[in-house]
Amino acid sequence: ATDTAGNISSISSSISITIDTLVPDAPTSLNAPSNTNDSTPEITGTAEENSTVTIFKGDDNIGTAITNSEGNFSFTVDSDLEDGDYTFTAKATDSANNTSTESSSLSLTIDTKAPDAPTSLTQISDLNDSTPTISGTAEENSIVTIFKDDVEIGTAEADNEGNFSFTFDSDLDDGKYSITATSTDIANNTSIDSSVLSITIVTTLGDTSKEIIDISINNPITN
């Protein structure tokens, strides 16, 4: 600086500036469960390190996240979404305020409704089969959990028409059992219990059967 008397100051300290007109790449690897019962889902992805990522639901800006030094970010929707289908995209803005193009879209479905309980539970194997098979119907492509006397014993997957079957993998003792089932859909919603199916396993002759055999032996039928 030079004053009115013509005196010139010493040189100031230097200042460094960076010119950056390069637009960052669009965010990539947007990820979230494609079907979820979480109405405030978390969305993750990658973008330029230390950039600000803006998240869009459709055309609506719903918030931002900051990437870390490795370019990873996560964003949690801060208000409940209604059940339905949604599309999300993102843009990255670097420290020089350059903004990327829009990312590829991420589609997800919010589903918070529990499926109906399984129905039509039926023992389709013989009474003397100690590893019985149970069939029934439930929401298509759902996971059906089978309970014996309120204890979980395994699962089966309903087909695209809702039919399922389950075979016990260990022998049951002779006796009567109560079988129920629940259905869990792809969004992880679980139904209430089904109606009870009562089954009976008989693999050995009971007293009544023995009496019938004794009568037959002692009183053979003659013409």
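A nonpolar surface patch of about 420 Å² is made by Ile-15, Ile-17 and Ile-19, where patches consist of residues with over 30% relative accessible area and no salt bridge, nonpolar side chains (Val, Leu, Ile, Met, Phe, Trp, Tyr) being joined within 5 Å and like charges within 9 Å. The model is predicted, so that local features need pLDDT of at least 70 and side-chain atom pairs count only at pLDDT 80 or more, whereas totals for chains, interfaces and linings use all residues. Residues are numbered from 1 along each chain as its sequence is written, and side-chain values use heavy atoms, with hydrogens and water left out. Accessible areas come from the Shrake-Rupley method with a 1.4 Å probe, and for residues only the protein chains shown count as cover; a salt bridge is a side-chain nitrogen of Lys or Arg within 4 Å of a carboxyl oxygen of Asp or Glu.

Ile-17 is placed in the segment before β1 and, at 67% relative accessibility, counts as exposed (buried means under 20% relative accessible area, exposed over 50%, and partly exposed in between). Asp-20 also lies in the segment before β1 (28-31), and is partly exposed, with a relative accessible area of 30%. Together with Asp-25, Glu-48 and Glu-49, Asp-20 forms a negative surface patch, the place of a charge being taken as CG of Asp or CD of Glu.

Strands (E, at least two residues) are DSSP runs numbered from the N terminus, and two strands pair if DSSP finds at least two bridges between them. An open sheet with mixed pairing is formed by five strands in the order β2-β8-β7-β4-β5. Because β2 (35-36) and β5 (60-66) stand at the edges with a single partner strand each, one side of each is left without a neighbour in the sheet. Within this order, β7 (residues 84-93) and β8 (residues 106-110) run antiparallel and are joined by five bridges, with Thr-109 of β8 as the bridge partner of Asp-85.

Strand β11 (residues 143-148) contains Val-144, which counts as buried at 0% relative accessibility. The C-alpha atoms of Val-144 and Phe-164 are separated by 7.9 Å, although these residues are 20 apart along the chain. Antiparallel pairing over six bridges links β11 to β12 (residues 151-157), and Gly-154 in β12 is the bridge partner of Ile-146. The two strands β11 and β12 form a hairpin with two residues between them, and Asp-149 in the turn has a positive phi of about 50°.

Methods
Helices (H or I, at least four residues) and strands (E, at least two) are DSSP runs, numbered from the N terminus. Lys and Arg count as positive and Asp and Glu as negative; His and the chain ends are not counted. Buried means under 20% relative accessible area, exposed over 50%, partly exposed in between (1.4 Å probe, protein chains only).
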